[in-house]
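Me: I would like to learn how to read the features of a structure like this one. Could you take me through it?

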Amino acid sequence: MKRLIILILLISWSTFFQLFMRDYSQVFPEAAATISFGLILLMGYLASDLFVLVKLPRITAYLAVGLVMGPYVLHTIDFASLKQLSFIDQLALNFIGLAAGAELHLSELKKKIKPITSLIFVGGSVTFLGMLTTLRILNLSFLQQPTPRATLLVLVLCSILALARSPSSVIAIISETNAKGPFTETVMGVTVTLDVFIILLFAIVSSIGASILNPEISVDIIFLGSMVLGILVSFIIGAGVGFFISFYFQRIASETIFFVLALVFLIARFSGVVHELVHDLYHIDFHLEPMIICLVAGFVARNFTQSATPLLEAIEKGSLPVYVLFFALTGAKLDVSILKNFWHVAVIFSLVRFISMNLGAFAGATLAREPIRLSRLYGLTFITQAGVSFGLVKMMNAQFSSLGETLGTVLIAAIILNEVIGPILLKSALVMSGETGKKQAG
Amino acid sequence: MRILLCIIAICVLSFMGSRWSFSHFHLPRFAVQLYLTGSEFIIVGILLGPMFLNVLSDSVLSALHPLRALCLGWIGFLFGIQVDASLFKKFPREYLRTALYIPLAVTAVVFFPLMYLLETTLSLSGNLLLISTLVLSFAAANTAPSSLAIFQKTNDLHRSPLLTLFRFIAGIDALPGILATGIAGAIVSIPLTQGSILPSSLTWLFIISITGLLMGGIIVLLMDSDPTNQELTVFLTGIIVLLGGLGFYFHQSCLYMAALTGIVVGNSRYGQRLHEIAAVPERTIYILLLILAASSIDPQTAFHPGLIIAYVMFRLAGKFIAGSTAVSFWGRWPLTHRSVGLGLISEGGLSIAMAMTLQQIIPGTLSDAIIALILATVFIHELVTPYTLQYVFAKAGKL
């Protein structure tokens, strides 16, 4: 109740100040961004308490606060402030990657290697085929292309896109619910690993697709090679960073949370510098994957050094503000008008994905002889989609502009839908698995 | 790209520097003092600034304004939370009387000569002259508690009543200066009402005071629902960033608003817990502030040696006269002798924060000169502080 009063007080107070700010907008974009930063942190945190009361995940509250305060609804956060705060996205994503890596416990993963492999390959294949077949049968208008080849390409790309999940949401929900156990470990292992495969698969299919649509273009081997190399190098750098983290925690051990935040940020910038350098020297798009670097670094520091405990403590300390800011800013960027215009197609697409995902997960889990109770739940944990999926759509739009704008827009609408519904389903599945609240106890 | 790399560079310097510089070294007394108070980061800041390495170029510094606002707000909040009225009752009444008299006396001594000097050297006039003099003379009254703590530790003076008094004075003597920054912002701010400047200034002062107090009340209200430390850190950061942003946006003093928030919180039953949480990043924030302040000035044009020497002399005279007259008025207790005011020479983060707030209120070359002035005097005062303290305590027969 008191938090509701605080929320009302803050809203009233910020409305009062907005009366003044209107006359002075565009004068200090940095100042406006600073105000937005503070407001997001406060509102997101307070609103999440209200959502928890109705059993909704906190990240849904952060998304909702961002959405409402963002430039598409109330305009409390304008586009200039969003741009000014864009560095938070990068920082948060890498932080979440580090957290995900640090949460993966090798000995636990070894025990669950069978269900993880089965859920990735069998589950992924069933979902992919389910999507492909259903979308072909439904023959939705936005999927139709002038040639059968182009239509097939669109169906394949959409089906791959449907496999993408949101590791950031999974980590945030697991952290929020303090879930721990074999089910949680499997969900995390599948989500994190599959994302790496999806990025690769999507790049391969896009490259082949481009040559199918236009026979004059050959499959870009250099592009594919540099992508694979980028991921491999990211793994190696990540391992090095993991040992560096351990060195810092053992020898200096000062201001650890600042160290972690500065480190993840440095990794993001380092990746950018390397890309620019390689491009300038060799004219090749060589991308290191900052999130993979952080993920591997967290995994190495957790499983191969003595710094697991201080690292997990530092991550725990920094996680709440990072989640609030990251998801609220994600919410602020969601263009709700897209959903408003294409909701009916987006609902159909999401429904097909939901059914295919659940069928695939059930098949994969059953084949790995997981308990039937858990096999039914895996599908619910894989619904949420976010950053990677948006990135893939962006990539598709850039590479296949001839496929039409509607396709990309509908896919974005479906992702928005999954981003909102996914965390709720994930939280419910974790609760039903009986593994929530185990982290503190353990 | 450069902006982002600079943030990292500053952060790394800050958190690693906080560990290295605050640990003990076997160096001459003045050098130890500089290391222990972290004053060497003034030089680091100047080196990183546009004149030398240009890592922190003008455009980068402009983009780093939110960080700067956060630092200012945090320092103001930390000061406010330590102004705990219940502590006043634990000390003799004479302590409070002395603690109130000395900063006001210093300000009175420094104000008029400084006003004349600013008018002649920096060609200031009107409101700019008034608010610059106001903030600088109140900043002159401020004493850095860290130097006193170091002296207490190195000389094992834990039970010295004189040092306890000094620390008591240092705990609250920045209050008038912080209020001065609030008034300065209200005076030069955008007009809210037609006609005379006074109604507009008073309205602004009222708005920012209410904002600071309201935020304090909100934090206390949140505390009633028993949040975790992590939740509190998020909430506190949110409030301070918000106040910093507002101060920056409207050219008001976020230092003043955050100090008011801190005072409300510090005088609630949750003061101790929140103080512990807010004090965690204190060293890092202080070093960040030093670096940002030092890098924002152009050493070739901002430093006015004559002004610096005169300000140091005015301040010394102010401290001496304040201590001396206090002894004349009320006798030798709790002060011990007439030159006791020289023990309050040390100057630190809050004076810099006041100068930076002034820069936020009136951006431009004038405020650069004022920041340079304060940075130089902080450096000089930290150099001489161990010796003046030694003199004062030796004369009082405490060493």
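Me: Which residues touch the most other members of the largest nonpolar core?
Reply: A nonpolar core is a set of buried Ala, Val, Leu, Ile, Met, Phe, Trp, Tyr and Cys residues joined through side-chain atoms within 4.5 Å. Buried means under 20% relative accessible area, exposed over 50%, and partly exposed in between (1.4 Å probe, protein chains only). Here the largest core has 270 residues, and Ile245(A), Phe166(B) and Phe235(B) touch the most other members. Apart from it lies another core, of nine residues, including Val196(A) and Val300(A). In soluble globular proteins, nonpolar side chains tend to be buried together.

Me: What should I keep in mind about the model and its numbering?
Reply: This is a predicted model, where local features need pLDDT of at least 70, side-chain atom pairs count only at pLDDT 80 or more, and totals for chains, interfaces and linings use all residues. Residues are numbered from 1 along each chain as its sequence is written, chains are lettered from A and ligands numbered from 1 in the order in which they are written, and side-chain values use heavy atoms, with hydrogens and water left out.

Me: Which residues is Phe235(B) in contact with, leaving aside neighbours within four places in sequence?
Reply: Contact means heavy atoms within 4.5 Å. In chain A, the partners of Phe235(B) are Ile6(A), Leu42(A), Tyr45(A) and Leu46(A). In chain B, they are Ile218(B), Ile219(B) and Leu222(B).

Me: How many helices and strands does chain A have?
Reply: Helices (H or I, at least four residues) and strands (E, at least two) are DSSP runs, numbered from the N terminus. Chain A has 19 helices and zero strands. Its radius of gyration is 22 Å, close to the 22 Å that the globule rule gives for 442 residues, so chain A is as compact as a globular protein of that length. That radius is taken over C-alpha atoms, and the rule is 2.2 Å times the number of residues to the power 0.38. Of the 442 residues of chain A, 57% are buried. Chain B, for its part, has 20 helices and zero strands, and 60% of its 399 residues are buried.

Me: Is helix 16 of chain A mostly covered or mostly uncovered?
Reply: Helix 16, residues 372-381, is mostly covered, with seven of its 10 residues buried. Among them are Leu374(A), Leu377(A), Tyr378(A) and Leu380(A).

Me: Are Thr127(A) and Leu53(B) buried or exposed?
Reply: Thr127(A), in helix 7 (residues 113-138) of chain A, has a relative accessible area of 0% and is therefore buried. Beyond four places in sequence, Thr127(A) is in contact with Leu163(A), Ser356(A), Met357(A) and Gly360(A). Leu53(B) sits in the loop between helix 3 (40-48) and helix 4 (58-63) of chain B, and at 58% relative accessibility this leucine counts as exposed. Not counting residues up to four places away, Leu53(B) touches Leu47(B) and Leu48(B).

Me: What is the phi of Arg369(A), and what is that of Ser123(B)?
Reply: Most residues other than glycine have a negative phi. Arg369(A) has a positive phi of about 60 degrees although it is not a glycine. Arg369(A) lies in the loop between helix 15 (336-367) and helix 16 of chain A, and is exposed at 71% relative accessible area. For Ser123(B), phi is near 50 degrees, again a positive value. Ser123(B) is in the loop between helix 7 (93-121) and helix 8 (126-141) of chain B, and counts as exposed at 60% relative accessibility.
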